[in-house]
Amino acid sequence: MNKTLLLAMSMSCAFAFCGCDDEENSAPTVTDTPIVLSGKAYTFDPELEGEIWKRGKSVGVYMKKENSVETVSPYTNVKYNTTAEPLGYFSPETPATLINMPKEGNVDVVAYYPYSENLNSDSYPMTVANQKVSANFAFLYANVKGMNVQNNKTELQFRPVLSQLVFNLIAGDGVTDEYLNESSIKVKGMPTVANFNILSGAFEQASEVKDIDMVSFLPEEEKGNGASGQVFPAETTEGFSAEIKIARMNRTEKWNFVDAEETSTLEPGMRYICNVTVSLDKIEVSVDKEAIDGWNKGEGQEVTGEENLVLTDIEELPLNGITDCGADDPLKQRGDTWCYKTHSDMPFAVQVVSDDELNKNVIYGRFDSSSKISWYKSYVLYRSGNAEAGVYSISFKAKGTAGNSIQCYVATGDKKTFANGTSVFVANAKGTEAKPYNGYVNFRLTDKWMDYTLEFNFAKMVQNPYGYAETDLRNATAEALKDFYISFFNPTKNIAVDFYLSDVVFKKID
């Protein structure tokens, strides 16, 4: 169990026993009582809820004076992390940042996900302009009132603060489903940028009114025809409308939100299902309004036990938000960071881009190796550490220049195991080939997104990852397992290769 969380629980129990003294005895010594936090996620996509609370995810926690927006110093935006054991609990980043209950009186606690280190005036900026960037819609918020030293344990119920719109296109008189294929929907008149005030739990400073393209249902989702998206709540929807383009019928229809009582206002955490029946001469819209508690029966999704050691998901990176580590040793980068290394003589561009097919942010890099530059001068990497000895898998989605190979390796911070002090690599888990490399693992790209899984044996290390002999392997050291990075690169010179990467999962399998 997480040591800090165990300390918090132990201190909480000790305080409870102290409160059982006889009234004739002197008053017990007042002891700092830490807050004990667990959490449950209620989202618009129940399949994501367990993934939200995987190990290493972070939330920001505030303690406020009861029924106030005034914080209790110093508990402002305190970083708490999800724990691997027990699942569903949070513990502070360090023991020094443990939140303790005040000696007297009640307090309120608010929390949000995902954590941001720098908030301006305790406000979380949001944008709904680009519905295809899923990271824009990850924000969840929890609010608990009336906590005190006798009531210091709570389950935070994290919920969306946005409203969800779902448009279902239904074939009416004289129309078949095929006529509704390739239709598109956008909403008009709505603000696309706003700040959410963590302390008040309300949006402020909404601005930048623009058209918002809803995300059309994908055929493989088998939802039929339509689109969905998330927008800011609104006390009135006067001036808000939906533009429905039915391409195969060469028609554009308009529907005003105030025409239905259910959408005269938009509430946070509420789903509005707009059923649009398309007939030859008209459209008719009926609206169903659902709360998250309704479709999850008030329980929320249980936390999953699957562990992913990639603590910074690629889709959470902002557009163009990947670091160039330049000439620096990648092991000098901050932990849990995606970055890339390049060379001044090699054209190499890496960026975070929005992928229309996956509807999320992905990493894109163009490897253009020349005959003068070695492979190790240019690569994309994830900085990690603190592994245990054993076999690990690295699973991911990738695509790029079809027919070309990408190689993956794991480089460590151990430079003492081999005599000449060179870098040490984690050995791969031997495959079935006659002479598999000791370190590198190849995979071949196609121009379509494909799923890949590579395996590495973190119990063994090797100096030359291109070697074959078992005698070249050494047992992994604590230093090697403490600091390492996972790297992807183009091993072929004089060939330009486009490389896209997403959904990386790194976990222990044996």
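Author: Buried means under 20% relative accessible area. K360 is buried, because its relative accessible area is 15%. Keep in mind that this model is predicted.

Reader: Which residue forms a salt bridge with K360, and how far apart are the closest N and O atoms?

Author: E315 does, and the closest N and O atoms are 3.9 Å apart. E315 lies in the loop between α4 (292–296) and β20, while K360 lies in strand β23 (residues 360–368), so the pair ties together parts 45 residues apart in sequence. E315 counts as partly exposed, at 25% relative accessibility.

Reader: Where do D483 and R383 lie?

Author: D483 is in strand β31 (residues 483–489) and R383 is in strand β24, so this pair ties together parts that are 100 residues apart in sequence. Their side chains meet in a salt bridge, 3.0 Å from N to O. R383 counts as buried at 7% relative accessibility. D483 counts as partly exposed at 27%.

Reader: How many salt bridges does a search of the whole structure find?

Author: The search finds 19. One of them joins K282 and E284, with the closest N and O atoms 3.8 Å apart. K282 is partly exposed at 41% relative accessibility, and E284 is partly exposed at 45%.

Reader: How do I read the side chains along a strand?

Author: In a regular strand the side chains alternate between the two faces of the sheet. Now take strand β21 (residues 338–341). W338 and Y340 point one way, C339 and K341 the other, and all are buried.

Reader: Which strands pair with β21?

Author: Strand β20 (residues 323–324) runs parallel to β21, joined by two bridges. T323 has C339 as its bridge partner in β21. Strand β24 pairs with β21 in the antiparallel sense over four bridges. There, Y340 has V380 as its bridge partner.

Reader: Which residues touch the most other members of the largest nonpolar core?

Author: W338, F396, F443 and F458 do, in a core of 53 residues. A second, separate core of 46 residues includes L169, F196, I244 and C274.

Reader: What share of the chain is buried?

Author: Of the 510 residues, 47% count as buried.

Methods. Residues numbered from 1 in each chain as written. Predicted model: local features only at pLDDT ≥ 70, side-chain atom pairs only at ≥ 80, totals over all residues. Heavy atoms only, no water. Buried < 20%, exposed > 50% of the residue type's maximum accessible area, 1.4 Å probe, protein only. Core = buried A, V, L, I, M, F, W, Y, C linked by side-chain atoms within 4.5 Å. Pairing = 2+ DSSP bridges. Salt bridge = Lys/Arg side-chain N within 4 Å of Asp/Glu carboxyl O.
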